[in-house]
Amino acid sequence: MTIDRKLPQCWGHRGASARFPENTLASFEAAIRDGADGIESDVHVSKDNVVIMFHDPTLQRTTDHKGAIKELNWEGPDGMKNARTLKEPKQPIPTFVETVELLMKPENHHVQFNIDVKASNSPTRVFTLIHQTISKYPNWETVLAPRLLLGLWHPKFLEPAKELLPYCKRSSISFSMEFTRWMLWDDVDCVSIWFRALGTWRGQRFLKQAKKAGKTILVFTVNEPEHLLQCTRWGVDVIITDTTNRWLDLRKLLQDDYDRTMTLHSNWFLWTQMASWSPLIIFVEFLTVFFLRSWGGPFVRKALDAPVPGKVQLEVAAAADAVVREVES
């Protein structure tokens with residue numbers, strides 16, 4: 001029996017990144033074709049002021065180029081526009097302009113866009129460039145702006161976001177619930193939190209607080225069927241996933257027969273998987289907050305240029321990312 005239930009939306013994490021190279025137009029388009037309600041991607045700014053869609057501060061993990069993005073030009077014979085992904089099918093790095101063009105196609109006017117603003121960015125610089133792109137479209141204030149969500153890791157972005165992009169909704173992004181409450185809570189419409197953190201008693205308390213405060217709850221990065229169903233049990237609003245087709249197929253089953261579908265996968269993993277144990281989660285929270293301060297600078301609420309990343313900071317970033325990937329695998 002079909003019952004009209006409110007089920008979490010599906011947002012593609014870096015697009016449909018389980019099947020296509022992450023943060024590419026091919027990945028974004030695949031997620032939209034699957035039927036995703038939104039896409040999530042990350043922004044960095046090149047030396048010559050081009051906003052590009054890329055997760056890491058450096059190029060080498062996912063492309064055939066090397067170097068720190070903020071120290072490289074987009075244009076030129078050695079420019080990042082010539083980089084191609086290591087994963088097949090090989091794709092170029094998309095710019096923010098190209099991504100907005102995709103979203104402005106009439107058939108994509110329903111797609112929401114979560115812009116993950118990495119902490120190494122200069123707030124004023126990146127937000128000014130983003131506004132220049134957004135505001136060039138006719139009717140942007142009604143057709144585009146309501147679909148944009150700024151994902152903020154660091155409190156230094158809050159005041160510049162209010163000043164330069166006041167029409168964009170704001171979301172915290174964090175592995176740490178305490179950091180979200182401490183530094184970001186009062187100035188965001190949404191909270192985006194690491195899936196593993198929500199499985200603890202602290203996570204359940206956080207969920208209740210977020211719902212009571214009227215926050216939209218996003219959860220990342222959720223790929224396994226049992227995890228997707230657990231997010232549904234928790235009543236979150238948005239699931240950010242690499243596997244958009246998997247969640248959309250499962251969501252259709254839930255719409256057709258919710259109770260039976262819920263029995264397909266248990267939530268025993270909350271107690272049996274080491275990745276769900278509180279001590280490990282607390283360690284990851286600590287490590288990522290340390291990385292955030294190392295990368296983005298002091299936890300202040302005004303616009304500061306991020307420090308130029310040095311060798312130690314790059315190593316910290318790589319270590320933090322490696323730990324999280326190991327926990328999630």
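Predicted model: local features only at pLDDT ≥ 70, side-chain atom pairs only at ≥ 80, totals over all residues.
1. The axes of helix α1, which covers residues 25-34, and helix α2, which covers residues 96-103, come within 11 Å of each other and cross at roughly 20°. Because angles under 35 degrees count as roughly parallel, this crossing makes α1 roughly parallel to α2. The crossing of α1 and α2 is, moreover, right-handed.

2. As for the residues that build this contact, helix α1 brings L25, F28, E29 and I32, while helix α2 brings E98, T99 and L102. Sorted by class, the contact of α1 with α2 has four nonpolar residues, one polar residue and two charged residues.

3. A second pair is formed by helix α6, residues 177-184, and helix α7, residues 201-212, whose axes come within 10 Å and cross at roughly 35°. On the α6 side the contact is made by M177, E178, T180 and R181, and on the α7 side by R202, G203, R205, F206 and Q209. When the residues of the contact of α6 with α7 are divided by class, two are nonpolar, three are polar and four are charged.

4. The last point concerns H227, which has its place in helix α8, the helix of residues 225-234. With a relative accessible area of 7%, H227 is buried, because buried means under 20% relative accessible area. Leaving aside residues up to four places away in sequence, H227 touches F195, R196, V222, F269 and Q273.

Definitions and conventions: Residues numbered from 1 in each chain as written. Heavy atoms only, no water. Axes fitted to C-alpha atoms, helices over the stretch in contact; angles between N-to-C directions. Helix = DSSP H or I, 4+ residues; strand = E, 2+ residues; numbered from the N terminus. Parallel < 35°, antiparallel > 145°, perpendicular 65-115°, else oblique. Left-handed = near helix turned anticlockwise from the far one by under 90°. Contact = heavy atoms within 4.5 Å. Nonpolar A, V, L, I, M, F, W, Y, C, P; charged D, E, K, R; others polar. Buried < 20%, exposed > 50% of the residue type's maximum accessible area, 1.4 Å probe, protein only.
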